[in-house]
Amino acid sequence: MERALGLMCGAGVLPARMAAEARRQGWRVVAFTFGEAPGVERHAERTIPSRLAEPGAVLAGLRDAGVTAALFSGRFSARDALGARPGDAAAHAMEARAGSRLDVRLIEVVVATFTEMGITVLDQRPFLGDGLAAAGCWSARQPTDEEQRDVERGLALARLLADARVGQTVVVRRGAVTAVEAIEGTTEAIRRGAALAGPGAVVVKAVARDHDYRFDTPTIGPESVDAAAAGAAAVVAVEAGRVLLLDRDESVRRADAAGIALVGA
């Protein structure tokens with residue numbers, strides 16, 4: 001008997017890829033789409049457009065489909081979560097139970113709500129294939145010694161920020177920090193930091209030590225590389241084994257075209 005998987009789809013290409021992998025593993029996929037998730041319908045038994053402000057409809061859909069496991073995928077915008085008002089009765093109940101709409105308390109409430117329904121929230125990593133970035137330099141150009149020192153400084157700072165739940169990305173130039181990621185996300189942080197740093201900036205993304213991969217896999221991809229290239233950055237570095245490099249071949253191609261060193265650190 002096929003197991004039923006509720007795929008919670010944020011924006012981007014990742015939901016379709018994870019839906020395909022879930023199908024390959026024998027799951028019957030019911031997709032709840034909260035953003036533009038192209039191609040997910042090809043791998044899902046049903047696709048249900050959904051809104052963050054209306055979790056009651058999502059919970060009812062999970063019950064109706066006999067879902068026993070849930071998998072989050074794609075990009076959920078913190079700005080969308082902040083703006084998801086006024087919300088249905090389930091949204092108000094979950095927010096009151098959490099005491100917050102954004103922090104780890106809300107995640108705990110989502111897990112508790114699903115658990116009470118007999119639904120297990122799954123780790124995303126078994127559905128990502130070999131996409132987590134390996135250690136080493138993937139691009140044609142390697143970082144200089146000075147850039148490597150910025151990578152090491154950026155990695156230490158990005159880990160601190162991630163542990164504090166501030167963000168995961170920093171931009172560094174000759175030891176000076178020109179941007180840290182907050183609610184705007186990775187790409188906007190890169191744009192801001194590179195503009196302030198000038199040519200030669202080093203972009204670093206890292207992950208909190210206790211990061212919960214059930215709700216998010218930190219990701220970098222062609223869009224991030226394009227933002228770095230537009231700002232004449234010299235290096236894009238990610239924490240090896242913990243950050244997803246989306247569309248690896250295309251990301252490397254764009255990095256090489258811009259003369260950017262793309263590395264797993």
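How many aromatic pairs does the count come to? The count comes to four aromatic pairs in this predicted model.

**View 1. The ring pair of Phe72 and Phe215.** The ring centres of Phe72 and Phe215 are 4.9 Å apart, and the planes meet at 40 degrees, so the pair is tilted. Planes under 30 degrees apart would count as stacked and those over 60 as edge-to-face. Phe72 belongs to strand β4 (residues 69-73), while Phe215 is in the loop between β9 (202-205) and β10 (219-220); the pair therefore ties together parts that are 143 residues apart in sequence. Both Phe72 and Phe215 are buried.

**View 2. An aromatic cluster that includes Phe72 and Phe215.** One aromatic cluster is formed by Phe34, Phe72, Phe76, Phe114 and Phe215.

**View 3. Arginine charges over aromatic rings.** Arg3 places its charged end over the ring of Trp27, at 4.0 Å from the ring centre. The charged end of Arg125 sits over the ring of Tyr213, also 4.0 Å from its centre.

**View 4. An open sheet of six strands.** The strand order is β6-β13-β11-β9-β7-β8, and the pairing is mixed. At the edges are β6 (136-137) and β8 (176-180), each of which pairs on one side only.

**View 5. Strands β11 and β13 within the sheet.** Strand β11 (residues 235-238) and strand β13 (residues 261-264) run parallel and are joined by four bridges. Val235 stands opposite Ala261, a residue of β13. Strands of a sheet pair through backbone hydrogen bonds, in either a parallel or an antiparallel way.

Notes:
Residues numbered from 1 in each chain as written. Predicted model: local features only at pLDDT ≥ 70, side-chain atom pairs only at ≥ 80, totals over all residues. Heavy atoms only, no water. Phe/Tyr/Trp six-rings, centres within 6.5 Å; stacked < 30°, edge-to-face > 60°. Helix = DSSP H or I, 4+ residues; strand = E, 2+ residues; numbered from the N terminus. Buried < 20%, exposed > 50% of the residue type's maximum accessible area, 1.4 Å probe, protein only. Lys NZ or Arg CZ within 6 Å of the ring centre and 35° of its normal. Pairing = 2+ DSSP bridges.
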